[in-house]
Amino acid sequence: MVQKKICMLGAFAVGKTSLVERFVNRVFSEKYLTTIGVKIDKKTLSVDGKEVSLLVWDIYGEDEFQKLRASYLRGSSGYILVADGTRRLTLETAMALSKTAEEHLGKVPFVLVVNKADLSAEWEIDENVLAGLSARGWLITRGSAKTGQGVEEIFLTLAERILELDR
Ligand code: GDP
Ligand code: MG
């Protein structure tokens with residue numbers, strides 16, 4: 001079976017750990033989830049009839065810039081970039097992290113998730129900025145770790161992109 005490492009990247013408290021929990025265990029906890037160090041989860045998906053195991057590295061970060069060292073990223077086939085739809089600045093952090101990831105990994109597939117879509121009343125993200133990123137070829141999904149909206153698709157889309165490169 002094919003195994004691929006992917007990394008979760010994004011500012012603090014955007015929902016990285018919650019998205020992984022939702023994807024791997026399909027549960028959501030309101031309680032604050034603070035992981036320490038790096039957590040690695042595994043989930044097997046079927047992409048076009050082919051089994052692929054995703055090793056999902058969840059990089060903890062109060063200081064994700066510090067932690068975003070080569071050793072964390074090394075060997076990643078792709079990454080999930082997470083922003084919080086209710087905090088405009090987290091999109092800028094995501095864009096900066098994407099640049100750093102590209103410096104380490106070269107151009108590998110990634111998906112930008114604008115998380116917390118369930119909190120649309122508090123939405124702060126500028127749709128024009130997202131449109132600009134789409135125009136540059138970024139894959140963008142609105143999702144919610146809380147409701148599960150979009151979560152499966154995020155990982156599946158990334159897995160598809162990664163496997164396309166293997167052909
Ligand atoms: P991380 O630091 O990026 O790993 O973020 P966490 O997964 O720890 O989530 C940070 C906070 O946001 C927690 O209080 C979560 O319960 C909350 N959270 C995460 N995803 C969602 C979501 O989709 N909707 C809402 N309303 N809250 C969320
Ligand atoms: Mg976390």
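Begin by selecting D41, which is buried, with a relative accessible area of 17%; buried means under 20% relative accessible area, exposed over 50% and partly exposed in between (1.4 Å probe, protein chains only). This is a predicted model, in which local features need pLDDT of at least 70, side-chain atom pairs count only at pLDDT 80 or more, and totals for chains, interfaces and linings use all residues. Residues are numbered from 1 along each chain as its sequence is written, and side-chain values use heavy atoms, with hydrogens and water left out.

D41 lies in strand β2 (residues 38-47); helices (H or I, at least four residues) and strands (E, at least two) are DSSP runs, numbered from the N terminus. Display the side chain of K39 next: the side chain of D41 makes a polar contact with it at 2.8 Å. A polar contact is a pair of N or O atoms within 3.5 Å; within protein, one must be able to donate a hydrogen and the other to accept it, and residues adjacent in sequence count only if both atoms are side-chain atoms.

Now select strand β5 (residues 110-115), where 6 of 6 residues are buried. F110, L112 and V114 cover one side, while V111, V113 and N115 are buried on the other. In a regular strand the side chains alternate between the two faces of the sheet.

In β5, V114 is the bridge partner of A83. Follow the chain from β4 through helix α4 (residues 89-105) to β5: this β-α-β crossover is right-handed, meaning that, with the strands pointing away from the viewer, the path from the first strand over the helix to the second runs clockwise.

On β6 (residues 139-142), select R142, the bridge partner of V114. The chain passes from β5 through helix α5 (residues 127-135) to β6 in a right-handed β-α-β crossover.

Finally, colour by pLDDT, the predictor's confidence in each residue, from 0 to 100. The protein chain averages 89, and 87% of the residues score at least 70. Among its elements, β5 has the highest mean pLDDT (98), and helix α2 (residues 64-67) the lowest (54). Over residues 31-36, pLDDT stays under 50. Where pLDDT is low, the predicted coordinates should not be read in detail.

Conventions
Chains are lettered from A and ligands numbered from 1 in the order in which they are written. Two strands pair if DSSP finds at least two bridges between them. Contact means heavy atoms within 4.5 Å.
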